[in-house]
Amino acid sequence: GRWVAITTKITSKEELDVLLVNPGSRAAVYQSLGNKFSAIEPPSLAGLFATYLMKNGMRVGLVDAPAHNLSPEDVAKMIVSDYKVNLVVMVVYGFQPSASTQNMTAAGETCRAIKQLAGDTNILMTGTHPSALPKRTMEEEDVDFVCNREGPETILMVAAALKEKVRDFSKIPSLWYKDEDCIKSTPAGSLMDGIDEKMPGAAWNLFPMDKYRAHNWHCFEDIDNRQPYISMHTTLGCPYKCTFCCINAPFGKPSYRMWSPDTVIDEIDLLVNKYGVRNIKFVDEMFVLNRSHVIGICDRIIQRGYNLNIWAYARVDTVKDEFLEKLQMAGVRWLALGIESGSKHVR
């Protein structure tokens, strides 16, 4: 007979400083309808956080549970088997600006599943619900940290401390953490400035871009082409002070920061030319607001001649006549208006 030489490739776990997780269970929410009909939206804020962290020298990964149709247990098994990570970050937002709490069930189950498999895993939770109820989140969820503001700078500082094996978190702003059996918190930090330079668009190379698809109503004019699809930010925050609304919880106050139209179009150029994206959601809490921002972005899209299908959030009183023609020419087919109620008592 003959001797046959067999070479076995031994793969090691990917070593990361931060693993961002978009929790959610598509099967639990939509059952079989999730296989074909429901939208699958990328976690745009997690993508922005990834960009910020990588620009600051961190090794970053991203797990998008709904995109891969993973259960909380599946996510936990993947993390334990595939990664050696200093900090897991649950980015708990929803498919619209105030839909974070609805996603807390899956987020909490994912944290518990990770801790059951690897109890020494450091988990930080951020998002609208954790920002609004940080102490309650620390008490109710199986996490080590909660960020009660927008996230990126706090995540970076926690990851850096863990990397250097520093266990004093008292100087890290906007952080809730456990010291022995005691829950402690630090003062809130200021909002990030210079977002064009520090966080210029999402890290799309980390996303499973072939998995995302638009809402069916978003594509009524071309229902068989719901893919590719992405959601992206052009602004952060909302300047309004509606007492019934929670979307400013991560920012601590009404605020409004804009990426420049040039930065926005650079990201759209990448998405269109590299990934073939046509269906886009501007996920901003309030896109149709600032004239120079809206017109600046529209003009740049129009100049390039892209055939886009876009939807965005607006208010009845911010949709000016001068915007409408430009928005349509740029490919904005839908505006979602925040019509809450005609009754102050109900609001």
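Biologist: I would like to start with Val 29. Is Val 29 buried or exposed?

Modeller: Val 29 is exposed, at a relative accessible area of 55%. Here buried means under 20% relative accessible area, exposed over 50%, and partly exposed in between, with a 1.4 Å probe and protein chains only. This is a predicted model, where local features need pLDDT of at least 70 and side-chain atom pairs count only at pLDDT 80 or more, while totals for chains, interfaces and linings use all residues. Residues are numbered from 1 along each chain as its sequence is written, and side-chain values use heavy atoms, leaving out hydrogens and water.

Biologist: Where is Val 29 found?

Modeller: Val 29 sits in helix H1, residues 26–30. Helices (H or I, at least four residues) and strands (E, at least two) are DSSP runs, numbered from the N terminus.

Biologist: Now the charged side chains. How many salt bridges does the structure hold?

Modeller: A salt bridge is a side-chain nitrogen of Lys or Arg within 4 Å of a carboxyl oxygen of Asp or Glu. There are 17 salt bridges here. One of them pairs Lys 135 with Glu 139, with the closest N and O atoms 2.5 Å apart.

Biologist: Why are Lys 135 and Glu 139 separated by about one helical turn?

Modeller: Because they are four residues apart in helix H7, residues 134–140. Lys 135 is partly exposed at 44%, and Glu 139 is partly exposed at 49%.

Biologist: Which residue forms a salt bridge with Glu 221?

Modeller: That is Arg 333, with the closest N and O atoms 3.5 Å apart. This pair links distant parts of the chain, 112 residues apart: Glu 221 is in the loop between helix H9 (195–198) and strand S8 (229–232), and Arg 333 is in strand S13 (residues 332–337). Glu 221 is exposed at 61%, whereas Arg 333 is partly exposed at 35%.
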